[in-house]
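Please look over the sequence and the structure below before reading on.

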Amino acid sequence: MNHDVIIALDFPSALDVYSFLDQFKDEKPFVKIGMELFYAEGPDIVRQIKAREHKIFLDLKLHDIPNTVKSAMRVLSRLDVDMVNLHAAGTMDMMRAALEGLTREDGTRPLLLAVTQLTSTSEERMRKELLISASMPDTVAHYARNAKEAGLDGVVCSPLEAALVKAACGPDFATVTPGIRFVDSAADDQSRVMTPEKARLGGSDYIVVGRPITRAADPVAAYRRCVKEFLG
Ligand code: C5P
């Protein structure tokens, strides 16, 4: 299992992204492109960042009928990204279709991850609005097992849930976890956070880090600190 720090490129435009990435001279961080940047700049932003030799997690969280997700995944796979995701709530049929669409003619494909329950969803809202009466840990473990059975590589989850996912799905099922903060940095709008070191000890394979790096006075130093604390 690989382990890495993924920087969330939560910037509004390509220009902002390039001036941020230009600061990295000696390393090529794994980066995450989310909806804001992708919808603003289109697929070309992926090609440009790939041309700069960064690994890319394309965080678009697909959720639609299986055939539509399959076709969309085929397009994303051609962009040569390294990691993509979808909502496990779309059913196992949708997850299997996504895998099919994602697999290239030579048999290779990006890693495919499932979002179990968004960390912004509380147990109360799940019960009242989604009519899911199981507890949050049971729901997360169940969705993770569905993703594994459908053939996916892992899940995006809270670092607080990584151990639970590993217990349900085994050590080879990847956990990618946002909600990471240094011990001395602001929590921002994240309510449940963990340090890079604790995340690793808790079973996170990849951590997704945004503002503690992108808004640091010295982003390269913050990235290096994160890698050191996470990978030891
Ligand atoms: O700036 P910060 O480190 O909080 O950024 C975390 C990144 O991870 C953001 O891109 C955010 O959208 C994403 N994310 C998250 N919580 C989730 C899923 C994704 O913070 N449950």
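Which residue in β2 is the bridge partner of Ile 6? That partner is Phe 30. This is a predicted model, in which local features need pLDDT of at least 70 and side-chain atom pairs count only at pLDDT 80 or more, while totals for chains, interfaces and linings use all residues. Residues are numbered from 1 along each chain as its sequence is written, and side-chain values use heavy atoms, with hydrogens and water left out.

- Helices (H or I, at least four residues) and strands (E, at least two) are DSSP runs, numbered from the N terminus.
- Of the five residues in strand β1 (residues 4–8), four are buried, where buried means under 20% relative accessible area with a 1.4 Å probe, protein chains only.
- β1 runs parallel to strand β8 (residues 206–209) and is joined to it by four bridges, with Tyr 206 as the partner of Asp 4; two strands pair if DSSP finds at least two bridges between them.
- Three bridges pair β1 with strand β2 (residues 30–33), again in the parallel sense.
- Together with helix α1 (residues 14–21), β1 and β2 make a right-handed β-α-β unit, meaning that, with the strands pointing away from the viewer, the path from the first strand over the helix to the second runs clockwise.

**Cysteines**

- The structure holds zero disulfides, a disulfide being a pair of cysteine sulfur atoms within 2.5 Å.
- Cys 157 is in no disulfide, and the nearest cysteine sulfur, that of Cys 169, is 9.8 Å away.
- Cys 157 is buried, with a relative accessible area of 3%.
- The sulfur of Cys 226 is too far for a bond, because the closest cysteine sulfur, in Cys 157, is 16 Å from it.
- Cys 226 is buried, at a relative accessible area of 1%.

Note on methods
Buried means under 20% relative accessible area, exposed over 50%, partly exposed in between (1.4 Å probe, protein chains only).
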